[in-house]
Every structure is written in C-alpha cells, then in structure tokens.
Amino acid sequence: MINLRDIYTAAEERTRFAVVGLVLLVVAGVAGIVFFSATMTVALLAALVVVFVSFVRPTCTLLAFMWYLPFEPFLLKWVPDDVYVYARYASELVVYLLVAVVVWRLVSGVAEWRKSPVDVFALLFLFILLISSLVNFSTGTVMVLGIRQIIRFVLLYFVTVQLAPGKRFVRVLLGGLVAIVAVQIALGAGQAVIGERLDTFLLPSERRTIGEIQLTAGQVQFWDPGQRVFGTLGRYDQLGTFMAFVMLLMAAAMYEWKDKLAVKKMWWVFLPALPVLALTYSRSAWFGFVLGFLFLAVYAKRDRRVFIGVGAFVVAVVMYLSVSGLVVRQLVDVSGQSVSDRFFEAFSAERWAGEYYGLGRSYWMVQTLTTVVPSSPLLGHGPANFGGGAVAALHNTRTYDTLGLPFGVYGTDGYIDNNWFSLWGETGTLGLAAYLAVFITLFLLCIRVWRESTDPEVRALAIGTACAMLAVALNAFLATYLEARTLAPYLWVFAGLVTVASEGKVKSEK
C-alpha cells in the first residue's frame, strides 16, 4: 500500500536539499565575485554544475559534450585571457571527468566492467606507448603530453561502452548532430554570399600560448574570403570532415529506417548539405564522404541508382576534360580556384611535386618511409617526438634534429599532415599494428552488427559508423584528424554505441 506520508517526507527532503544547494551556490557566487573576477566565478560555478550532472546523469554530460564541440572553436574566440587556458581544455577535462565517473561507478559497485572486443589490443597499445617513451628517454612532460594527445579521445570509446546508453540516447544524439549540420549549412551559405565580413566574425585568428606551450595556433585565412566556408569550426577542412561524418550517419538512417517522416526530415538537411560540403573545398572531406557513401550504397545496399550515378559522373568527367582542355597534371592551388579545379588538382603531378619540394605532405610520406621508420622500426621515436599535434605544441625538435630533417610541414609547423604516418613514426610498427587492430576490429564489428541485427535503428547505427570509419581512415592520411576534437570524439563514441548494440544493451526507451 502506498504511504502518502513517506512520499511527502521524501519530497520535503528533496526540496530542502535543493534549497540548501541553491543558497550555497549563491553564497559561493558572491564570495567568488568578491575575491576573484566575475568571469572566473562564472567558470567555477559552471564547472561545479558539470561535475554534479556528470555524477548524477553522465550520459547527459556526454550528450552535451558531443553537441558543444562543433561550436568550440568559435566560442573560444570570445573567452577572456584570464580564463582562456581553462576554457581551452574544459572539453578535454570533461573526457577525464567522465572517465572518473566510470571508475567511481566500478569501484563503488554501482556497475561492473563491460568487456569489449578491443580491450586486449587497447592495453597492448598503451603498453607500447609507455615502452616507446622509456626506450627513447622522453622527459616526463613529453611522455605524458604525447600519450595524452594520442589516447584522450579513445577513452570516450570505453566511457560509452561502460555507460551503455540506450536507443533514446542514440536518437537524441543523432537528432542534435543533424540540427548542428543545419546550422552549419546556414552559416556556410551565408559565408558564400556575404564573404569577408562573416568570415572575419567567425574566424578564430588569435594565437594563444601559456609559457612555451602553444594552446591555439590561430588561423590565418590564406584562402579568398567566402571561397572556403568553415562555419563555427574555424577551418574549412574541419567543417567538411565533420559534415561528411554526420552525413554518412544520415545516409545510413535514410536507407535503413522505416519511419518515413523522420527520413523525409533528414532529406531536407542532407540535400542542402551537399553543396555546402562542396563549398568547404575540403578534398579530404569530399573523398572521405564519397568513399563512405559508395561503401554504403554499392557494397551494403547494392543500389542500382548509385551505380548509374557513378557511371554518369565518370562520363561527365571525361566529357568535361575533353571539352575544356584542362591539363590536370599541371594544376596547382591558386587564388579563386573553382570547385572543379580544386577536385582535379588532387590528381595533379605538379601539385604533388610542389608539395614535396615545399616540404608538404608528400615530402613527409617519403621521409617517413625512407628515414623516420627505418631509424627506429619497432617502437618508433616516442609519443610527442614526431609528426603529431603534441610535437607542434611543445616545439619538440629532438627527433627532427637527430635525423637531419626539417621541423614538420614547411619546416616550421612540427606536424606532418598524416596521422597514420605520425603514429608510425612515434609508436613504431608495433604501435601502429596495435592501433590498427583496434580500428579494424571495431570496423568489422560494425559490419557484423549490421548484418545480424533486425532492428532498423541498430542497423543504421552500425553501417553508418562503418562508413564513417572508412571516411576517417582516409582523412587521417591527409591530416592529424585522429587527434582533432572536431572529428575524433565522434568516431570513438559511435564505435562505442555499436559495441553496446552488439551486446544487446541498446534497449527501446519510450
């Protein structure tokens, strides 16, 4: 029998707790304003709220984190210097907070460790990172920051698996990402029309440092205003790769979902996204999207319409080249370049030669294979010692000086614009093999879940993630996207969601 007195008492206790908490929050806010700056006080109170929510509802924090990242480059532009370092690393601290929540749940007995198919490979990879740092006599700072740069977003995979969000979480997450793409479409179209004024407003151009460590490189707009749209993500390639990732998830949902109204709504975002994706001028995003979409439509769905479309595209390209007289092998990157020239330039021998002699991406492909890897083939040169973002942030020239090589692309930037090769150079063949074992295992898991599941939403999640993984794998050959916070977190969270689905833990939540 329901005891109304007990219900009233419980409600009274919750109300009392809420009032006390509110009073303490107000007192803390007033004290903070008196003793610190108002900005610092707001930041501290926001941090307290995030910590509280993370321990009570960690999936809500994960959801907000995934929605926040596409706007972070733009929002950080307006953060004052006195709290910038905290704001810059706030999103990364959220990752560690969620890890702490998972650890607390395991230690306190609230949850038990859920095994995943990549646990052994991941532990092996972490072990290789540690050994590589030790045998290369890396300092503590270099070792910690180097390992952190490589694994920080991989941790989200294990967080997602342990939290095991339900189908409602997947729906809400994807719905929010589709809405974010719609916002980026509007901004991208605005940039193409308005040009420089909107570009200047959106572009985070200021370089920020703390001591000798570079927090943010800033962004110099080396392209024509309005030519390469970037929305709130700071760079055209970051917008392009983010959009391509979400668009592949959308395409999978449109193929698999049975809800015709939801699919129709997605079409209203997907179709306008295509020209905006083209306007990013990001070839990495273009080719990644095409690779993922062809895998979905041709391999998975055997869609004849796509076969016909590909054939028509090939014919159109041949006709265009024969009529226009365009000499592809001589194309180079120039101001005011058209979308078609940007596409064909990717296949230009002149461009690749220019990149080699200009110490660009092709130069580092050759040097990694001929100099960097042979000099330390098994364990590499250690995290934060070659090719990745940590090298650039620390301005660590040790390996480059030892091998007699320039300091990354253009001889100044530290990174080498190729994440797979930077991993190879830093962690050696053993480290790269362990990382690839994780990646390939998760990709094959996605295919298995798609084939075996009878739930349309699970099938869409699995095959969409597989397509996105193919796109990211290609992207990683063209920049350090496995480290980018505008792309890498989505890769690992969605891989975690597929792992949860493979264990039958994705429940229907009404």
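Colleague: By class, how many nonpolar, polar and charged residues does the lining of the second largest cavity have?

Modeller: This is a predicted model. Rolling a probe the size of a water molecule over the atoms shows where empty space is left. Here, the lining of the second largest cavity has four nonpolar, two polar and one charged residues. Those residues are Gln149, Ile150, Asn419, Leu423, Tyr435, Leu482 and Glu483, and the volume they line is about 50 Å³.

Colleague: Which helix gives the most to the lining of the second largest cavity?

Modeller: H21 does, with three residues. Helix H8 (140-151) also supplies at least two.

Colleague: How many cavities of 30 Å³ or more does the structure hold, and what volume has the largest cavity?

Modeller: There are three cavities of 30 Å³ or more, and the largest has a volume of about 150 Å³. Its lining comprises 13 residues, of which Val170, Leu174, Trp257, Glu457 and Leu461 are the closest to the centre. Helix H10 (167-194), H12 and helix H22 (456-475) each supply at least two residues of that lining. By class, the lining of the largest cavity divides into ten nonpolar, no polar and three charged residues.

Colleague: Which residues touch the most other members of the largest nonpolar core?

Modeller: Among the 118 residues of that core, they are Met243, Trp420 and Phe494. Helix H21 (residues 419-452) gives the most to this core, with 15 residues. A second, separate core has seven residues, including Phe74, Leu198, Trp223 and Phe230. As for Trp420, its contacts beyond four places in sequence include Tyr435, Phe439, Phe477 and Leu482.

Colleague: How many disulfides does a search of the whole structure find, and is Cys467 buried or exposed?

Modeller: The search finds zero disulfides. Cys467 is buried, with a relative accessible area of 0%. The closest cysteine sulfur to that of Cys467 is in Cys446, 9.3 Å away, so the two are too far apart for a bond. Cys60, by contrast, counts as partly exposed because its relative accessibility is 35%.

Technical notes
Residues are numbered from 1 along each chain as its sequence is written. This is a predicted model: local features need pLDDT of at least 70, side-chain atom pairs count only at pLDDT 80 or more; totals for chains, interfaces and linings use all residues. Side-chain values use heavy atoms; hydrogens and water are left out. A nonpolar core is a set of buried Ala, Val, Leu, Ile, Met, Phe, Trp, Tyr and Cys residues joined through side-chain atoms within 4.5 Å. Buried means under 20% relative accessible area, exposed over 50%, partly exposed in between (1.4 Å probe, protein chains only). Helices (H or I, at least four residues) and strands (E, at least two) are DSSP runs, numbered from the N terminus. Contact means heavy atoms within 4.5 Å. A disulfide is a pair of cysteine sulfur atoms within 2.5 Å. On a 1 Å grid over the protein atoms alone, a cavity is a set of points where a 1.4 Å probe fits but cannot get out, and a pocket is an open set with protein on both sides within 12 Å along at least five of seven lines; lining residues have an atom within 4 Å of a point. Grid points are joined across faces, edges and corners, and a volume is the space filled by probe spheres set on the points. Ala, Val, Leu, Ile, Met, Phe, Trp, Tyr, Cys and Pro count as nonpolar, Asp, Glu, Lys and Arg as charged, and the others, Gly among them, as polar.
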